[in-house]
Amino acid sequence: MKRWLPSPLLSLALFVVWLLLNQSLEPATLLLAALLAIAVPLLTQSLRPARAKMRKPLLALRLCGLVAYDLVVSAFTVARLLLTRRSRGLAPHFVRVPLAIRDPNALATLAMILCLTPGTAWGEIALDRSTLLIHVFHEDDEAAFIDMIKTRYERALMEIFES
């Protein structure tokens, strides 16, 4: 069963979405939905990362709350900067953050956090995963920004995924 349906929930979702998009229960639509539900997960199986092993779900919940708070604060900060400063008064630049985190799922989570946060964008990661390049909209204290990434996000993600 696992050989033909490596990801049953994904297959079910694809089947249902295909039927909803076509708004039909014709035999041909059902057959094509079934074929897609089987073929897509099989063809994309190698693209999915290893299964995440979350070791501290309560810490993950706390991190979600912290990220939500940071997103709101960052959105207001970026809006305030855009409305009150001229473009010459802003200092967008790239910041290199040394990384201790190695788990691919933790790195993907860090990427989502940084890309969702207004004013920051994930630039690139070194091939050896030792350094992260982040574009920041405006940052006066680069060392404090690096420390914030490492203490607020990286440390928690390491505890959740790597401990």
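Predicted model: local features only at pLDDT ≥ 70, side-chain atom pairs only at ≥ 80, totals over all residues.
1. Residues are numbered from 1 along each chain as its sequence is written, and side-chain values use heavy atoms, with hydrogens and water left out.

2. Asp 70 has a partner: its side chain meets that of Arg 152 in a salt bridge, 2.6 Å from N to O (a side-chain nitrogen of Lys or Arg within 4 Å of a carboxyl oxygen of Asp or Glu). Because Arg 152 lies in helix H5 and Asp 70 in helix H3, the pair ties together parts that are 82 residues apart in sequence. Helices (H or I, at least four residues) and strands (E, at least two) are DSSP runs, numbered from the N terminus. Arg 152 counts as partly exposed, at 28% relative accessibility.

3. By this rule, the count comes to three salt bridges. One of them joins Glu 159 to Lys 56, with the closest N and O atoms 3.4 Å apart. This pair also links distant parts of the chain, 103 residues apart: Glu 159 is in helix H5, and Lys 56 is in the loop between helix H2 (27-43) and H3. Glu 159 is partly exposed, with a relative accessible area of 30%, and Lys 56 is partly exposed at 37%.

4. Glu 154 and Lys 150 form another salt bridge, their closest N and O atoms being 2.5 Å apart. Both residues lie in helix H5, four residues apart, or about one turn of the helix. Glu 154 counts as buried at 3% relative accessibility, whereas Lys 150 is partly exposed at 25%.

5. Next, the largest pocket, with a volume of about 470 Å³. On a 1 Å grid over the protein atoms alone, a pocket is an open set of points where a 1.4 Å probe fits, with protein on both sides within 12 Å along at least five of seven lines; lining residues have an atom within 4 Å of a point. The volume is the space filled by probe spheres set on the points, which are joined across faces, edges and corners.

6. What lines this pocket? There are 24 lining residues, and Ser 74, Thr 77, Glu 139, Phe 145 and Met 148 lie nearest the centre. Helix H3 (57-84) and helix H5 (142-161) are the elements that give two or more residues to the lining, with the largest share, seven residues, coming from H3.

7. On the surface, Leu 9, Leu 12, Val 16 and Leu 20 form a nonpolar patch with about 430 Å² of accessible area together. Such patches join nonpolar side chains (Val, Leu, Ile, Met, Phe, Trp, Tyr) within 5 Å, using residues with over 30% relative accessible area and no salt bridge; areas come from the Shrake-Rupley method with a 1.4 Å probe. Leu 9 sits in helix H1 (residues 8-22) and is exposed at 70%.

8. Finally, two backbone points. Gln 23 is not a glycine, yet has a positive phi of about 50°; Gln 23 lies in the loop between H1 and H2 and is exposed at 72%. Arg 129 also has a positive phi, near 60°, and lies in the loop between strand E2 (120-125) and strand E3 (131-136).

Conventions: Patch = residues over 30% accessible without salt bridge, like charges linked within 9 Å, V, L, I, M, F, W, Y side chains within 5 Å. Buried < 20%, exposed > 50% of the residue type's maximum accessible area, 1.4 Å probe, protein only.
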